[in-house]
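Hello,

Here is the structure I promised to pass on. Please open it alongside this note, and read on for what turned up.

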Amino acid sequence: MMETIFASFDLTSSDYTCNLGFEIFHNNKKILDINHVQAATPVTFNLDAEPGDQELRFVLKNKTSKHTIIDDNGKIIKDAYLTISNFSFNDVELNNIFLEKCQYHHDFNGSKDPVVLPFYNDLGCNGEVVFCFESPVYYWMLETIPYRKSSHV
Amino acid sequence: MYNHVVYSLAKSGSNGLTLDIANDNPQCTMLHSYFSRRWHINNDWNKLSVTYNEKDDFGNVDQYGVPRPLTTKEMEDYDKETAIKLDALKQYSENNNFVLFCSVSVMDLHILHFFQSDPRTKIYLIERNIIDVFISLYINECIQWALTRPRDIGDGPNKVFAQDSITVEKSYFNQFTARYQKYTKFRDRITFEKIIRYEDYGFKNSDYRHTWNHCKLDYIKNKKEVVEFLMQLVRS
């Protein structure tokens with residue numbers, strides 16, 4: 001049976017003067033497109049989900065090399081990035097579950113080979129964070145929390 | 001020759017697993033619910049090829065076999081008796097092997113310490129999906145079904161409820177918290193011979209063969225409250 005999931009999170013930028021853009025896809029369908037994140041933005045949306053695997057993709061766009069300032073030693077002294085925080089489903093905050101189920105796909109803004117890395121709330125390179133979950137979402141949440149001893153036979 | 005002890009939070013198949021181990025180890029005496037207050041799996045022990053002495057059990061039931069709640073005085077006496085029973089078990093185990101399960105609601109650290117430090121005792125952990133445990137316990141202990149459940153549970157109806165028909169009372173959250181915290185406190189101190197997932201285990205005794213009801217949360221009206229509670233509980 002299809003369920004409607006209410007999702008929400010806070011989207012912020014380290015530098016609102018940079019025209020960092022942001023998109024969300026649900027199962028490859030675009031559901032949000034912000035060309036320039038100009039202020040702290042509470043993001044809310046409903047997802048109609050059939051039982052089974054679901055995917056949300058959070059895309060950072062418009063990042064350029066001008067947004068990153070590096071000193072003579074190669075150390076980043078200023079950067080522009082977006083932050084996703086307080087992610088909730090149906091008003092239940094997921095905390096670590098959200099981060100654990102996300103993977104960050106990017107290529108260091110075209111400077112290196114593509115990589116898939118853990119996600120730690122910040123999107124600093126053009127690319128996408130893929131978040132996988134399942135519907136019904138309440139069951140998925142309870143299956144995902146680490147309540148068991150680690151080794152099972 | 002080993003003793004076998006099954007440990008679980010609740011409603012996680014410890015009865016069925018204990019019966020299976022007992023059948024696989026006929027040299028062991030079945031002290032299934034030695035530390036429980038009542039024998040609550042009907043007369044299944046009759047079908048076993050192991051010895052079970054009903055007098056070993058506290059058997060706290062009325063004339064119809066319905067569990068009788070303990071008074072405060074009885075609870076105090078029970079705590080005293082735990083020490084006596086532990087001592088008796090120590091003596092018994094010198095010449096005998098046994099199978100039993102530990103119910104977290106009646107188990108204490110002294111008993112587990114004895115099991116843990118006894119090289120002839122193997123301890124097993126069986127764990128079940130937390131929402132199944134939470135709701136099953138609530139249904140079995142707190143709602144009208146529990147009050148009117150058939151005396152012979154084996155012949156009773158399946159527990160099927162309408163969607164959104166059960167509201168979990170706030171007081172139950174506190175009860176479950178106390179039970180879960182006691183469980184994890186003990187569980188994390190124990191070295192287990194084997195850790196088993198209820199959902200993956202194939203019970204050999206037909207009474208415990210089951211189809212996993214993966215829709216129990218659908219019964220619950222205050223889903224958000226329950227999910228939020230369990231997530232916070234497990235994280236804490």
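**Helix α1 of chain B**

The buried residues of α1(B) are B:S14, B:N15, B:G16, B:L17, B:T18, B:L19, B:I21 and B:A22. Please keep in mind that this is a predicted model.

**The rest of chain B**

Those strands make up an open sheet. Its order is β2-β3-β1-β4-β5, and the pairing is parallel. β2 and β5 of chain B are the edge strands, each pairing on one side only. Helix α1(B) packs on this sheet and touches β1, β2, β3, β4 and β5 of chain B. The direction of α1(B) makes about 170 degrees with that of β3(B).

Look next at β4(B) and β5(B). They run parallel and are joined by four bridges. One pair to find on screen: B:L125 has B:I195 in β5(B) as its bridge partner.

Now the whole chain. Chain B holds eight helices and five strands. Along the sequence the pattern reads β-α-β-α-β-α-β-α-α-α-β-α-α. Chain B has 236 residues, of which 30% count as buried. Among its contacts with a separation of 6 or more, 78% come from residues 24 or more positions apart.

**Where the chains meet**

How many residues of chain B are in contact with chain A? The count is 19 residues of chain B, against 16 residues of chain A. On the chain B side, β4, α4 (130–141), β5 and α8 (223–235) each supply at least two residues. The largest share comes from α8(B), with eight residues. By class, the side of chain B that touches chain A has 10 nonpolar, one polar and eight charged residues.

**The sheet in chain A**

Chain A has an open sheet of six strands, with antiparallel pairing. The order is β3-β2-β5-β13-β10-β11. At the edges sit β3 (29–34) and β11 (115–118) of chain A, each of which pairs on one side only. On average, neighbouring strands of this sheet are turned by 20 degrees against each other, direction ignored.

Strand β2 of chain A covers residues 21–26. It pairs with β3(A) in the antiparallel sense, over five bridges. Within that pairing, A:F22 stands opposite A:I34 in β3(A).

**One residue to look at: A:F6**

A:F6 lies in strand β1 of chain A, residues 3–13.

Leaving aside residues up to four places away in sequence, A:F6 touches A:N46, A:N90 and A:D91. Also check A:F89. It is 83 residues from A:F6 along the chain, yet the C-alpha atoms of A:F6 and A:F89 are separated by 5.6 Å.

Over to you.

Best wishes

Definitions and conventions
Residues are numbered from 1 along each chain as its sequence is written. Chains are lettered from A and ligands numbered from 1 in the order in which they are written. This is a predicted model: local features need pLDDT of at least 70, side-chain atom pairs count only at pLDDT 80 or more; totals for chains, interfaces and linings use all residues. Two strands pair if DSSP finds at least two bridges between them. Axes are lines fitted to C-alpha atoms, for helices over the stretch in contact, and angles run from 0 to 180 degrees between N-to-C directions. Two residues are in contact if their C-beta atoms, placed from the backbone, lie within 7 Å. A residue is buried if 20 or more other C-beta atoms lie within 10 Å of its own, exposed if 12 or fewer, and partly exposed in between; C-beta atoms are placed from the backbone. Ala, Val, Leu, Ile, Met, Phe, Trp, Tyr, Cys and Pro count as nonpolar, Asp, Glu, Lys and Arg as charged, and the others, Gly among them, as polar.
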